[in-house]
Amino acid sequence: MTDATSANVPTSAPAPHKSSLLTQTALMKKRNAAESRFKAYGIAAITLSLSVLAIMLWTIFSDGVSAFKQATFSFPVTLDAEKLDPRGNRERDEMMRVTTIGYTNLLNQQLVAYLADRGISTEGVSDKDIAAFISRDTPARLRDMVLANPDILGQTIQFEGFATGRIDGYLKGRVTRDTAERDTNISVAQLDLADRMISEGILSASFNWSFLTAPDASDQRPEAAGLGVALIGSAYMMFLVVIMVLPLGVAASIYLEEFAPKNRWTDLIEVNISNLAAVPSIVYGILGLAIFINFAKFPQSSPLVGALVLTLMTLPTIIIATRAAIRAVPPSIRDAALGVGASKMQTVFHHVLPLAAPGILTGTILGLASALGETAPLLLIGMVAFVANYPAGPLDGGMLDPATALPVQVYSWASRSDPAFIERSAGAIIVLLAFLVVMNIVAILLRRKFERRW
Amino acid sequence: MPILLLIIVLGVLAIAGFILGRRRALASVEGNTRRLHSLPNYYAWHGAIMAFLPAMAVLTLWLIAQPLIIERQLSDFFPAEQFENDSQRILLMADVRRVAEGLDVAVAAGALSNDDAANISADGTIRDRLATVGVALGADVTAQVLEASQAYRKLAATGAFWRSIVALIIAVAGLFYALRITNGDFRARNRVEAVILGVLVLASTIAILTTVGIVLSMLSETIRFASMYPFKDFLFGLTWQPSFQGNSELGLLPLLWGTLYISLVAMIVAVPTGLFTAIYLAEYASPRVRSIVKPLIEVIAGIPTVVFGLFALVTVGPFLRDWFAVPTGLGSSGSSVMTAGLVIGVLNIPFISSLADDIINAVPQSLRDGSYGLGATKSETVRQVILPAALPGIVGAILLAASRAIGETMIVTMGAGAAAKLDLNPFEAMTTITVKIVSQLTGDTEFNSPETLVAFALGMTLFVITLGLNIFALWVVRKYREQYE
């Protein structure tokens with residue numbers, strides 16, 4: 001047999017099909033190339049999405065981190081009693097007559113004088129330009145401080161106040177000597193002076209608590225704008241959304257999962273819920289405007305209306321998540337409870353609901369996170385308005401006072417002309433994302449801790 | 001009695017019902033709970049519910065009905081033709097309400113006595129007297145409005161008085177009824193559970209009510225809009241030029257074009273990227289890679305859209321302008337169809353990829369094995385077996401993503417521009433339906449001009465388009481779903 005085979009194989013003539021699994025034919029090469037191309041497309045797609053995400057987060061963070069720092073002056077100010085309390089009787093009403101302009105002049109003179117004292121050259125910078133270093137917000141703060149505590153009149157205090165947005169930008173690298181040449185609001189000589197003031201320790205960048213606590217400020221004072229009102233507004237709304245959406249969502253899910261008969265009405269509700277989950281959020285804004293503001297006459301811009309709109313908007317997603325959690329509880333639990341004589345209602349409230357609670361909670365937190373970041377519907381119910389006053393406390397009707405919300409503040413700052421507001425806007429996003437990250441981590445931890453495999 | 005106080009009193013009565021109901025049930029069986037039909041707490045809850053719920057329901061109805069009834073009563077004060085016109089009546093009633101509130105504030109501040117407020121005449125001093133207590137009235141108060149608002153105060157006070165009386169009587173009656181029928185044989189559990197079931201049913205109808213509310217609120221305003229502006233011109237008009245002096249041209253087509261163009265760009269980005277992401281994650285990635293990459297991709301979906309809006313405004317827009325639009329001479333604006341489209345596309349990637357991922361995973365393994373057995377490579381299997389099998393689901397996912405792109409608001413508001421144009425150039429600023437809804441409805445607006453009401457018609461258009469897409473998507477999925485069982 002072996003002889004015959006070896007004899008029959010012609011060594012010189014080419015084999016009709018000399019193929020092997022170990023060598024690739026042209027077709028196979030093509031197919032394998034297609035295979036690796038296909039795989040590369042997949043990797044490219046993932047790389048693209050993730051790199052866009054990374055670029056976006058990186059630009060926002062690099063723009064926004066500086067919002068938490070603020071160029072601040074610190075120099076001794078002698079509070080001249082003659083000027084700030086002309087009658088000399090320390091009466092609050094009398095002292096109120098000295099407007100912020102009086103304080104502005106005082107601060108300006110004292111800064112110029114102090115620079116001269118310290119022997120800092122103000123070459124090329126007029127007194128007016130030095131005065132332009134001080135934020136318009138600063139005299140108002142000094143005035144509030146004096147009015148709150150008139151006893152400090154006549155003393156010399158180490159006063160700390162904000163510098164204007166341009167100087168602030170210089171300290172953060174947003175304003176450079178190149179841009180200053182083209183900018184009518186600031187000159188290169190002023191930047192030189194700022195350098196000298198920094199080296200003398202008069203001007204420095206410090207952590208900016210007021211970014212988190214102060215209310216919004218007007219277009220001319222980006223350095224004073226803060227998130228205080230927006231944080232309160234968002235907190236009020238989230239509180240109201242939780243107490244409205246959780247009972248409603250859980251009740252609706254329990255009914256649909258456990259009690260609803262299979263009929264047209266139930267079908268209608270189910271189709272409705274899945275459609276509502278896909279309705280654009282701005283439509284809910286129109287609903288809120290038409291029903292809660294125009295029809296029910298609730299106050300515009302109030303957290304109450306915002307919360308009602310967000311509740312209706314998140315309700316479908318919460319119902320979907322809650323139903324999934326309830327469905328995940330195995331029927332044997334229900335059978336056991338019914339078997340020992342519990343009523344259907346007792347079964348649900350004593351057994352199914354507690355077992356589904358972690359899932360419901362996780363879904364609710366995720367729903368809240370999406371409500372916290374929602375902007376469009378809130379624009380329509382007036383929360384984009386400029387609000388400079390804190391809303392009242394939650395028990396004093398604060399839910400009805402005008403307020404803004406975190407994401408809306410991001411939008412309204414981004415649409416202002418001064419580039420300093422872009423920094424604030426990105427800073428507000430950092431705060432917003434921090435809240436979202438915390439909420440998501442809580443949801444993940446809850447899921448990890450309580451997740452059961454039946 | 002103020003409403004809050006009234007509700008607190010009702011709450012106290014409910015607690016009383018809770019305690020008394022339980023006590024009475026236990027007393028009726030001499031403390032032997034085994035002789036009770038239900039657990040003692042059900043009798044307690046029954047007492048509380050009977051004291052609270054009927055009174056609360058009446059109170060709610062009263063609060064809704066009272067303003068309507070008062071408004072009808074006040075019609076005597078005004079000429080009939082003024083009161084028949086819808087928008088005039090709304091303005092008049094707003095005036096009346098404001099003056100009445102002003103009088104209330106003045107009485108509360110002690111600037112007026114209660115009799116003064118009821119008898120003061122419209123001699124021109126009323127405005128100044130109210131101004132001293134910090135109530136600013138816009139126009140001078142006419143005699144009619146003043147009389148009407150005095151009548152309004154009187155009616156409101158009478159209404160509030162009877163409201164409290166009626167609510168309290170019903171609450172006490174409910175409490176006594178509950179106590180009277182409570183005894184050992186009374187089926188408290190069945191009654192309480194029926195009430196709870198009713199509450200559950202009510203909660204589940206909120207979804208229906210929301211839809212009805214959306215449709216009704218937009219439909220009524222759209223009809224008002226159609227009565228002020230020819231609806232045909234709205235649907236087929238080629239120019240969008242609102243001016244608040246009148247003579248606006250409010251054509252839908254430029255907005256619709258901008259919306260669809262931007263969504264098209266978005267889908268061109270999102271569909272291939274999302275699909276390839278899903279295919280890679282489902283077919284190629286190792287479990288480890290999948291467990292890291294999938295959540296990372298889904299992070300994109302969790303980021304608020306306003307963040308993408310700022311990204312479009314600050315980074316993508318200027319980048320496209322400086323590197324593409326200006327060098328090619330196609331445009332000079334940072335906000336453009338491309339800017340908004342690309343960013344919406346990125347936002348939609350995780351949406352498509354996670355839906356497609358689920359659908360691909362639902363294709364049974366036997367189909368893959370059969371294909372491999374015939375010698376197909378992985379990519380051939382994906383292209384020729386898995387994708388055709390998953391196609392209906394994927395089409396559904398794409399349609400849902402398209403509906404999201406059309407309804408997206410913040411990214412286009414910040415990245416697409418405000419100029420309504422019919423143009424093909426993707427580097428030109430264009431605008432969308434959602435942008436115009438926002439711009440027509442933000443700020444102080446009066447709801448009686450076509451320029452404002454058009455926003456409701458736009459909202460209706462948007463609602464119809466997205467709802468149509470959603471229903472179509474669900475239909476496609478249902479109709480063509482292969483049954484693999």
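1. Ser301(A) sits in the loop between helix 14 (281-295) and helix 15 (303-327) of chain A; helices (H or I, at least four residues) and strands (E, at least two) are DSSP runs, numbered from the N terminus. Its phi is near 60°, a positive value in a residue other than glycine. Most residues other than glycine have a negative phi. Ser301(A) is buried, with 24 other C-beta atoms within 10 Å. Here a residue is buried if 20 or more other C-beta atoms lie within 10 Å of its own, exposed if 12 or fewer, and partly exposed in between, with C-beta atoms placed from the backbone.

2. This is a predicted model: local features need pLDDT of at least 70, side-chain atom pairs count only at pLDDT 80 or more, and totals for chains, interfaces and linings use all residues. Residues are numbered from 1 along each chain as its sequence is written, while chains are lettered from A and ligands numbered from 1 in the order in which they are written.

3. Glu30(B) also has a positive phi, about 55°, although it is not a glycine. Glu30(B) belongs to the loop between helix 1 (3-28) and helix 2 (40-73) of chain B. Is Glu30(B) buried or exposed? Glu30(B) is exposed, with 8 other C-beta atoms within 10 Å.

4. On the chain interface, 67 residues of chain A are in contact with 65 residues of chain B; contact is defined as C-beta atoms, placed from the backbone, within 7 Å. Helix 2 (residues 26-64) of chain A gives the largest share of the chain A side, 19 residues. That side divides into 51 nonpolar, 12 polar and four charged residues. Ala, Val, Leu, Ile, Met, Phe, Trp, Tyr, Cys and Pro count as nonpolar, Asp, Glu, Lys and Arg as charged, and the others, Gly among them, as polar.

5. The largest nonpolar core has 184 residues, and Leu310(B) and Val343(B) have the most contacts inside it. A nonpolar core is a set of buried Ala, Val, Leu, Ile, Met, Phe, Trp, Tyr and Cys residues joined through C-beta atoms within 7 Å. Val343(B) touches Phe308(B), Phe311(B), Ala312(B), Val316(B), Ile411(B) and Gly415(B), residues up to four places away in sequence not being counted. A second, separate core of 31 residues includes Leu79(A), Leu115(A), Val175(A) and Leu193(A).

6. Chain A is assigned domain 1 (71-208) and domain 2 (228-450), with bounds from an automatic or database domain assignment. The centres of the two domains, taken over C-alpha atoms, are separated by 45 Å. Four residues from domain 1 and four residues from domain 2 make the contact.

7. An open sheet of chain A has three strands in the order 2-1-3, with antiparallel pairing; two strands pair if DSSP finds at least two bridges between them. Strand 2 (156-162) and strand 3 (203-207) stand at the edges, each with a single partner strand, so one side of each has no neighbour in the sheet. Five bridges join strand 1 (residues 69-78) to strand 3. Gln70(A) has Ser206(A) in strand 3 as its bridge partner.

8. Ala401(B) lies in helix 15 (residues 378-407) of chain B and counts as buried, with 27 C-beta neighbours inside 10 Å. Ala401(B) touches Met267(B), Ala270(B), Asn348(B), Phe351(B) and Ile352(B), not counting residues up to four places away in sequence. From Ala401(B) to Ala419(B) the separation is 18 residues in sequence and 25 Å in space, C-alpha to C-alpha.

Terms used:
Contact = placed C-beta atoms within 7 Å.
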